[in-house]
Each structure stands twice: as structure tokens, then as C-alpha cells.
Amino acid sequence: MIRNRKNLLVRGYVVGFGLLLIGVGVLFSMIKIQVSEGEKLDNFAQQNFRLATESAERGNLYASDGDLLATTITVHNIYLDLTVIKDDLFDSEVGVLSDSLSRMFQKPAAYFEQKLRTERRKGNRYMTLIKGLDYQDYMRIKSFPIFKEGQNKGGFIHETKPKRELVLADVGARTIGYDDGRGKTGLEGAYSKDLSGSEGRRWEQFMGRGQWKPFKSWEKEPINGSNVYTTIDAGMQIAAYSALQEQLIEFQAEHGCVAVMEVETGKIRAIVNLKRISDSVYSDVYNYVVGEGAEPGSTFKTVSILAGLENEKFTPQTTVNTGGGSYRLYNRTIRDTHGYGTIDVERVLVKSSNIGTAKLINAGYGSDPQEYFDQLDKWHMTKALGIDIQGEAIPQFHKPGDSNWSSITLPVMSYGYGFKLTPLQILTFYNGIANGGKMLKPLFIDKIEKSDGQTLDFQPKVLVKQ
């Protein structure tokens, strides 16, 4: 009796364990099937649906008076799927098509016919025919033989691309700049975030033959870029370009630049840069006004004289003996173009005397040259202006305590040599003089108009109050 009971229990345990194994096996199979089907669905979704981005429409760049400086246009690119064209249509029309392409693009008809036949034999499904057509030329080419049959029968594939167009390309290309694969420069680069807007996202469904169509409404609609109104005066920009080009050609200079700054506001009304490309041919390829640090020469004498007056190292009536045009100071001979004898501070500046400036500054600051630099710091001369346009060169000075500092460094620096500033940095200082002592940061933008109608106005920023 007890033995039969034990046998029944053992049999029960065996049956239960077997059922458990069967259950686990069924569950495993169900999970495997579910995972497999899920992977298939995921693969199907990935192959047939995609979350595509849609670029926003880039805003326009304007001159201060509303003249257009840069805008986005649509260009048309044409490709061919030569495998879908039936033999009888191709053979009967390829000659006429080649004649039409020849007249449009000024190449022999034989060139086009040979290319079309060669690529057709290769089975080319995406042959590049032409890129960058305007709308008028696109409408013309789509009416040509074979192409007029469309994509499915004529193999005519049409794509559009945005292209940035500069209205004043010849007289301000580097100032207007760009924002593309080359990087970011000029006003286009500085205000790219405002001009670009915000891209949108939506789902698309694959329709075959490389075609996708919108599947759902926008997950996020694109927000068009803002219109940016610069401080540039288009007429003044053209005048500055012409004047600079004329002078560069006359003197066969390597390069030159012009910047025009409005005294009371600091607004940059014109900025032109030209570099010699070949004999008497100049092009706007580098922003020298902003990016080139160079010795300012005699333009810096004004800074030195005003520093001495500010720190009471001398007065306008102070006199200095400049001699006969040559003066030996420490280990260097300083020269003037003429001998001016003994002259006062005003005449030192009027005559642009190297000797007079060097002797005044050496006498005033020679024992404590750091005081001279402290004054330059107060006037924002030893650091970058911090303008929005990228590539501003940083002022380069030799300062007391540097390994290359010597007794002659300060006197030579006083009349503009041995250090580097940009034309824009010097211009900003002189504009402060003309503005009654108030130095303003160069201003390149008047206002930004957002796509929702809001306007952001830009105001002058004071760097030095007096």
C-alpha cells in the first residue's frame, strides 16, 4: 500500500515536471516568434518609413535702406533614369533631343547623343545631366523630346535645391560672407542662427523608385529664418569699392581695405576689402578690416599723444627739440622726413614727428611703462573689440616684463611700430575722438525681423564713456 502510494507520487512528480518543461518550451517559442515578428516589423518600418527633416527657409540679408544683399533662390538639378525609356522612343527621339540640348548648352549634338547612348548601355539609373538651372531653363528643358514623357516613361528626374545668392557679390562678398560647407564668415556667418530658423520633422513613406512622400502631418513644423537688416549703406558700399579699386590699381598695391563708421552711432556703413589676384585685377577674398593685424604706424601717434595729455605727462604747450630730422635714442636712430627743430606738442602731431613723439613718451613713461599700458587698457586698445563677425584679430603688444622688452620698445611703439592692431580697432578709437570722447563698439546690425513679426532693434554700445 505504502509502496503503491510512493509510486503514484513519483509518477505525479514526473508528469508535473514534464508539463512544466512543455510549458516553458511553449512560452519560449511564443517569445521567439514575437521577437522574430517584431524584428521583421522593425525592418519593414525602417525600409519603408523614415523621419525626415525639412530645412527652414533662410531669411534675407538687407542693407540699412532695405536694398537686398543676400537671398535664397531655388535652383533645379536634372538627372536621368535611362533604363525606363523604351527602345523605340529612345531610338526615334535621341537625335532630336541631342539637338535641343546642343542649342541650350552650346555643345555639339554628337556629344550629348554619345553620352546618352553610352550611359543607357551601362544601365545608368541616375545620370547627372545638368545642375543649377533657374526656373525658366527648367521649364524649357522639361519640354524637350523624351523628357516631356516625365519620370516613368522619359526618365526625367527633377530635384530642387536652395542656393544663396549675393546681390553685391563683387563689392562685398567677404563682408556679406557665407554659411555653408566652407564654414562661416562675414554677416551670413555671424547671424547664421537668426537667418537659418529651425528645421522641421515629419514621417515619410517609401513609394519606390527612390521616391518618398509625406506620411503624416508635421511632428514639428519648420520655423523660417529671420530677416536681418545690416547697417551697410548699399550706395556708400559701392562708392567705397570704386574708390579703393581705383587707388589699388594706380599704385599696384597688394591689397587694401576701407571701412566707414558713423560717428554718433558706431554703425558700419561700408566695409570693403580687395586683394590683387592678377595684374590690375582685385577681388574681395579676405576681410582685412576685421582680420588683419598690422603695425598702425603714424595713426598711433594720436593715441600716444592723447595718453600723455590724459596722464598729465605734458601739456599742449610743452615743447620738444626734434633736431634736424635724426635722433639717436638708446641703440636706435629715429628719423623724421624733415628737421623741425623745437616744436610744441600740437606741432609734433601736425608734422607727424617720430622723434617728437618718441621723446615725449619716453620722458613721460620711460621709468614706468606699465602706466602707458594701463591707459591703453582703459581705452580698450589692448584687447579685441568683440564684434559679432568671426575672425577678429587680437591686438599684439610687447609689454614690460616680456623677454623681448627693452628700453627702446616703448619709444618705437609710441609712433606705431613693434605691435599689431586691425584697421577696425584703429577706426574705432578715431571715431571715439570724433564723437566727443565716447568710444562706441562697431555696430553691424540695425534690426532683426522674426518670422512671427517680432522685431529686435540693435542699439549702440559704449566701450569707453570719455
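Here are a few questions and answers on this predicted model.

Trainee: At roughly what angle do the axes of H11 and H13 cross?

Mentor: Start with helix H11, residues 301-310, and helix H13, residues 354-365. Their axes come within 10 Å, and H11 passes H13 in a left-handed crossing. The crossing angle is roughly 35°.

Trainee: How do the residues of that contact divide into nonpolar, polar and charged?

Mentor: H11 brings Lys301, Ser304, Ile305, Ala307 and Gly308, while H13 brings Asn354, Thr357, Leu360, Ile361 and Tyr365. The division is five nonpolar, four polar and one charged.

Trainee: Which strands stand at the edges of the open sheet of three strands?

Mentor: The order in this sheet is E11-E12-E13, with antiparallel pairing. An edge strand has a single partner, so one side of it is left without a neighbour in the sheet. That describes E11 (255-261) and E13 (281-283).

Trainee: Which residue in E13 stands opposite Arg276?

Mentor: Strand E12 spans residues 268-278, and three bridges join it to E13. The two strands run antiparallel. Opposite Arg276 you will find Tyr282.

Trainee: Which helix lies across E11 and E12?

Mentor: Look for a helix running at about 30° to E11. Its residues are 423-434, and its name is H16.

Trainee: Which residue just after H6 takes a positive phi?

Mentor: Helix H6 covers residues 169-176, with Val171, Gly172, Ala173, Thr175 and Ile176 buried. Just after this helix, phi is about 80° at Gly177.

How values were computed:
Residues numbered from 1 in each chain as written. Predicted model: local features only at pLDDT ≥ 70, side-chain atom pairs only at ≥ 80, totals over all residues. Heavy atoms only, no water. Axes fitted to C-alpha atoms, helices over the stretch in contact; angles between N-to-C directions. Helix = DSSP H or I, 4+ residues; strand = E, 2+ residues; numbered from the N terminus. Left-handed = near helix turned anticlockwise from the far one by under 90°. Contact = heavy atoms within 4.5 Å. Nonpolar A, V, L, I, M, F, W, Y, C, P; charged D, E, K, R; others polar. Buried < 20%, exposed > 50% of the residue type's maximum accessible area, 1.4 Å probe, protein only. Pairing = 2+ DSSP bridges.
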